[in-house]
Amino acid sequence: MPVADDAIRCDACPVLCYIKPGRTGACDRYANADGQLVRLDPHVVLERAVSRGDTLVPFLEKSREWDGALVSGEETFVTAIGAGTTYPDYKPAPFIISSEVAGVDMVTVVTEGIFSYCGVKLKIDTDRHLGAECSTVRAQGESVGHVTTNEYGSQMLSLGGVRHLTGGSRHEGTATCDALLNLCNRQAVELKIDDGATVIVQADKAPIVDGVQEERMRVGCGSATIGMFAKQWFGKVDEVVVVDDHITGVLSEHQAGKLLGVPESGIKLKGRRSTPGRYFRVAEPGTSWGGTNIDDPLSILGPFDREVATRGLRLLMVSTTGEHHAYFELDEELHPVEKELPAALRESVERIRENCEPALCTVLFMGGAGGSLRAGVTENPVKLTHSVRDALTRVTCGGAPVYVWPGGGITIMADVSRMPENAFGYVPTPALVAPIEFTLKLSDYATLGGYMDHVRPLSSITSINRDEESRRRLAARPDNPWPLASNKSKK
Amino acid sequence: MLPDGRRLHMQDGPIDVIVEAFGDADEIALAYRAAADRFIEILDELCGELAFLRRPARDDGDLPSGAIARRMLAAVRPYASRVFITPMAAVAGAVAEEILAVMTSAATLSRAYVNDGGDISFHLAPGEKFAVGLVERPDRASLFGTTTIKSGDPIRGIATSGWRGRSFSLGIADAVTVLADTAAMADAAATVVANAVDLPGHPRVGRVRACELAPDNDLGERLVTQSVGELTPGEIGDALEAGIRLAESLCGSGLIRAAALNLQGETRVIGAQDRAQLVNIPVPDGSPVHA
């Protein structure tokens, strides 16, 4: 029943709360969403489960409808998301779940790790200049990380890490934790790079650089683009310049053009020649043509060589994404005059575009399972490290595969896009709370000093609860290896 | 039952309790049955008198009819002449107490507790004891101290209140945890003490009228805390001091036995001569793991 100021009356229980738009009732389970009474999505209930220490366990199920059974043996994997701790026991509740998989007793040790040593590696698909290497990356004005290497078509940022989380001021730690949490939970975050761009990043979404949404990655550097398309241009145009902040390519001088017999055009490029047909630094880095700062492509050309160039010479200038292009012909004074792009060349520009993959931001969570986390798994933590190293123990984050770094300790990286939504939490330390599961044979678990008396069967996961929905059952992603599948990668 | 096979979890509307009993298996089963039977009546019973329970308590007014409602009113009455308080301030503790009472009358138990969203009522047979952990903030399970309560102690109730919790607070304490003779008494006292930990008019404390957040809330037009910015050590000390003064007077009159007040990482404890261990106890094995 609608009442004044858009509040609605919830009739889910006899308390009959009036709930204002955007608020929840006394139970935190029903809410007013734009005038509609809604059950909160399982995430919120789950978050509540984490913060209140309830023992609600989300399930990942293989992609099929839940059949109503509480457990389904090897088809069910208990993730650490929402496993939390059990107040008022306040004891670690690493769920230690046994299940039989293909006749072998397996055990999965499930815990929500609190990671002070953690961060994200962010790959931003863009050729635009975001900032100089080592520049500080800021969120909410605080230093949360730095610009690291420029990879092929992408700029890498390294965010977080213990020195930002707990090594700086409280504000720095809070802003860092906030940025990491949002990125890991696939929310958008605005980052400002010192003396560089402001970029809005979100896992699996295109980056927005200084307000402009990035569309596509470059097909290759300018030189590579010449190599890839030389044959398609041959005969249709006399000269091609592929503008790129890294290496600008020139068809007639490039090895690919030479092999085809493209004659010299008399073109003069600014910048520093690397090898024939390949030029560094034709302009300054920027967010325009091919990741440079130029809007007028002719600004990177000097006058044509009067001894070589001829009237009517056809010139195509194009960026490495095909996003920018211009077509010129030389007039009697050998000045390039812009003309409409001929249909035959339009096709090649389209082809460049077509070969450019959608630009995305990708977020890898990186963290180290410390001594105490490992102690929650076994009384002899180093044995867990060895077991992971020997590939006897499989590590997953919310059921998603992880890369375990070689060397000491258990330092992992996981693609947050392959984890269930909102899998991460935080504590005010500040530190990130991330799900981590260790799956191994029951016999191996006994060998490494596991807490055998805490092992409980999967079938024990049940509770009396009016709201069965508070347990979050998710279909496992078909592209993730099934965490309980037999381990074929033993060393 | 919860996955551990030991504890009973029950939930109805906004009531969410976790119960654990210790003793013979048959007795535990009896106790859980009694708890569940009583539990299903509670929400309807309370809602039947909700309008009364949301009004300010008076020293001399009518008595409500329900057993839990009476426990609530009794717990808040000592404060009625001093501050604004409604019986709702003790609802969680009173519910916990009621469930514990039916369990202990139905079965012989060595120990038992009923935890209603952090407000806990417990039973100890002679010679028994409970270890209790204290959380710094009610919305985060990180421990800042532990204490042991023995059967000879008068304490049978523990409650925590703070602005981050599920209920609104007029104060700025992250958590005020109170030990008292009953859970309803602890609940009422924690609410009052948490309200007293305050810096009235402070610019970095965000307050909103309760009725703007929840139109039918018992706090009505009163300003409830929605955010607390970073405070200076002096400000934290002043705010805690206000709460400590009140807690000490409550301790003196026997309304509470001990209290721990927490604000932005600072903790003050009173009434804990034997409970010096209330603070700065290292987190025991297996609590939230720090990597």
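## Briefing: loops and helices in chains A and B

A:Asp210 sits in the loop between strand 15 (208–209) and strand 16 (212–213) of chain A; helices (H or I, at least four residues) and strands (E, at least two) are DSSP runs, numbered from the N terminus. Bear in mind that this is a predicted model, where local features need pLDDT of at least 70, side-chain atom pairs count only at pLDDT 80 or more, and totals for chains, interfaces and linings use all residues. Residues are numbered from 1 along each chain as its sequence is written, while chains are lettered from A and ligands numbered from 1 in the order in which they are written.

**Positive phi in loops**

- A:Asp210 isn't a glycine, yet its phi is positive, near 45°.
- A:Asp210 has 13 other C-beta atoms within 10 Å and is partly exposed. On this scale, 20 or more other C-beta atoms within 10 Å of a residue's own make it buried, 12 or fewer exposed, and anything in between partly exposed, with C-beta atoms placed from the backbone.
- Over in chain B, B:Gln264 also isn't a glycine and has a positive phi of about 45°.
- B:Gln264 lies in the loop between strand 11 (258–263) and strand 12 (266–270) of chain B, and it counts as buried, with 21 C-beta neighbours inside 10 Å.

**Chain A overall**

- Chain A has nine helices and 32 strands, and 50% of its 491 residues are buried.
- Of the chain A contacts between residues at least 6 apart in sequence, 64% join residues at least 24 apart (a contact means C-beta atoms, placed from the backbone, within 7 Å).

**Helix 4 against helix 6 in chain A**

- Helix 4 (residues 222–233) of chain A packs on helix 6 (residues 343–354) of chain A at an angle of about 150°, with the axes 10 Å apart. Axes here are lines fitted to C-alpha atoms over the stretch in contact, and angles run from 0 to 180 degrees between N-to-C directions.
- That makes the two helices roughly antiparallel (angles over 145 degrees; under 35 is roughly parallel, 65 to 115 roughly perpendicular, the rest oblique).
- Helix 4 of chain A brings A:Thr225, A:Phe229, A:Gln232 and A:Trp233 to the contact, and helix 6 of chain A brings A:Ser348, A:Arg351 and A:Ile352.

**Helix 8 of chain A**

- In helix 8 (residues 381–389) of chain A, the buried residues are A:Pro381, A:Leu384, A:Thr385, A:Ser387 and A:Val388.
- Those buried residues fall within an arc of 165° seen down the axis of helix 8 of chain A, so they line one face of the helix; the arc is that of the directions from the helix axis to the C-beta atoms.
- Just after helix 8 of chain A, A:Ala391 takes a positive phi of about 60°.

Key. Contact = placed C-beta atoms within 7 Å.
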